[in-house]
Amino acid sequence: MADQNQKPEIFELNNGTMDVKVTNLGCTIISLSVPGKDGALSDVVLGLDSVESYQKGLAPYFGCIVGRVANRIKEGKFTLDGVEYSLPLNKPPNSLHGGNIGFDKKVWEVVEYKKGETPSITFKYHSHDGEEGYPGDITVTATYTLISGTTMRLDMEGVPKDKPTIINLAQHTYWNLAGHNSGDVLNHSIQIWGNHVTPVDQNTVPTGEIMPVKGTPFDFTTESRIGNTIGQVGMGYDHNYVLDCGDEKAGLKHAAKVRDPSSSRVLNLWTNAPGMQFYTANYVNGVNGKGGAVYGKHAGLCLETQGFPNAINQPNFPCVVVRPGEKYQHSMLFEFSIE
């Protein structure tokens, strides 16, 4: 287990064009600044003023890596190799994002920190057998790298020791390409390379169905403004998209493209994960953020590439079981540009 006496610290990755600040508390991105059309840098992620504020639980998963299993597990129960496991119901009636003290609340070890033209940082955490109800010891690592001017890569790995387990890590940053303190993202447009979503029940757990988006308010197969259809989906978007139609690059699939008209900033996201939770900060309400910002509903959007929610209980969903001798691998590429 990572030594919990380790102090959370803030680390900077800067390549002269973009600047990212991360903390080893939950591998959390606390700021990410990239240029807009005027060349001025703006911080495009929602966050808090201090590491202490994150430790107090004042952020609704801002910027962190969630695990051991991201998203919801129905009623906090699953069976693996004939053994039933019960998890904390931290979002009743379900278990969410790894339980009461998920990976986002752990202080990770810093195993490598490089500066220079392609700065990077690698965090590591050892999760023990039975932690938050999950079986098996696993070692997880997460590496953030600025691979070029305005492109960041995240590589996550999980290796089980001697027992099979389930692993599904997700990066939970809330993006606002106009700047973190610019108001809501309803004017942003998005394209998602997913022809299907996994519809949910009244407790936001997938029913097992895989539904075509064509002709529904979930259809972002062509770029469209988020505010045009968000009123047709209850509180807002909080749905898992099946990433089934993206072009490939370096082993990753195109997942999403987000555009902010006011700054001309664009974010293209690539991943090797099968799904992506598109979430429009529906439950954010009066969160006191960094620099005096107050974040309200829809102040950001999350693009959480992931295994499908509750996959362990849905045999038709891609498998999230990882056995000894196997390795969980999840990569994301965040490409910023001006268009």
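How many nonpolar, polar and charged residues make up the lining of the largest pocket? By class, there are 11 nonpolar, eight polar and six charged residues. The views below come from a predicted model.

**Figure 1. The largest pocket has a volume of about 580 Å³.** Its lining is made of 25 residues, and the closest to the pocket centre are Ala59, Pro60, Tyr61, Leu96 and His97. Helix H1, residues 51-55, supplies at least two lining residues. Strand S25, residues 275-279, also supplies at least two.

**Figure 2. The second largest pocket holds about 230 Å³ of space.** Its lining counts 18 residues. Nearest the centre of this pocket lie Gln202, Asn203, Thr204, Asp238 and Tyr283. Sorted by class, the lining has six nonpolar, eight polar and four charged residues.

**Figure 3. Six residues carry the UniProt annotation "binding site".** The annotation comes from an unreviewed entry and covers Asn71, Arg72, His172, Thr173, Tyr174 and Asp238. From this set, Asn71, Arg72 and Asp238 belong to the lining of the largest cavity. Two of the annotated residues, Thr173 and Asp238, have their own views below.

**Figure 4. Threonine 173 sits in a loop between two strands.** Strand S15 (170-171) lies on one side of the loop and strand S16 (174-175) on the other. Is threonine 173 buried or exposed? Threonine 173 counts as buried, because its relative accessibility is 1%, and the cut-off for buried is under 20%. Leaving aside residues up to four places away in sequence, threonine 173 touches Ile29, Val45, Gly63, Leu301, Cys302 and Leu303. Its side chain also makes a polar contact of 2.8 Å with the side chain of glutamine 171.

**Figure 5. Aspartate 238 is part of strand S21, residues 238-242.** Its relative accessible area is 11%, so aspartate 238 is buried. Which residues does aspartate 238 touch, not counting those up to four places away in sequence? They are Arg72, Thr204, Gln277, Phe278, Tyr279, Asn282 and Tyr283. With glutamine 277, the link is a polar contact between side chains, at 2.9 Å. Aspartate 238 is also among the residues nearest the centre of the second largest pocket.

Figure 6. How many cavities of 30 Å³ or more does the model have? The count comes to two. The largest cavity is lined by Asn71, Arg72, Thr198, Val200, Thr204, Pro206, Asp238, His239, Asn240, Gln277 and Pro309. Strand S21 gives the largest share of this lining, three residues. By class, the lining divides into three nonpolar, six polar and two charged residues.

**Figure 7. Asparagine 310 lies in the loop between strands S28 (301-306) and S29 (321-322).** Asparagine 310 touches Arg72, Ile73, Lys74, Val205 and Pro206, with residues up to four places away in sequence left out. The side chains of asparagine 310 and asparagine 313 make a polar contact at 2.8 Å. Asparagine 310 and glutamate 75 are 235 residues apart in sequence. In space, their C-alpha atoms are 9.8 Å apart.

**Figure 8. Methionine 276 lies in strand S25.** The relative accessible area of methionine 276 is 0%, so this residue is buried. What does methionine 276 touch, not counting residues up to four places away in sequence? Its contacts are Ile192, His239, Asn240, Tyr241, Leu243, Ala255, Ala256, Leu269, Leu303, Glu304, Thr305 and Gln306. Two of these contacts, His239 and Asn240, also line the largest cavity. Methionine 276 and asparagine 316 are 40 residues apart in sequence and 17 Å apart in space, C-alpha to C-alpha.

How values were computed: Residues numbered from 1 in each chain as written. Predicted model: local features only at pLDDT ≥ 70, side-chain atom pairs only at ≥ 80, totals over all residues. Heavy atoms only, no water. 1 Å grid on protein atoms, 1.4 Å probe; cavity = no way out; pocket = protein on both sides within 12 Å on 5 of 7 lines; lining within 4 Å. Points joined across faces, edges and corners; volume = space filled by probe spheres on them. Helix = DSSP H or I, 4+ residues; strand = E, 2+ residues; numbered from the N terminus. Nonpolar A, V, L, I, M, F, W, Y, C, P; charged D, E, K, R; others polar. UniProt positions renumbered as here; feature names shortened; annotations may be inferred. Buried < 20%, exposed > 50% of the residue type's maximum accessible area, 1.4 Å probe, protein only. Contact = heavy atoms within 4.5 Å. Polar contact = N/O pair within 3.5 Å; in protein donor to acceptor, adjacent residues only side chain to side chain.
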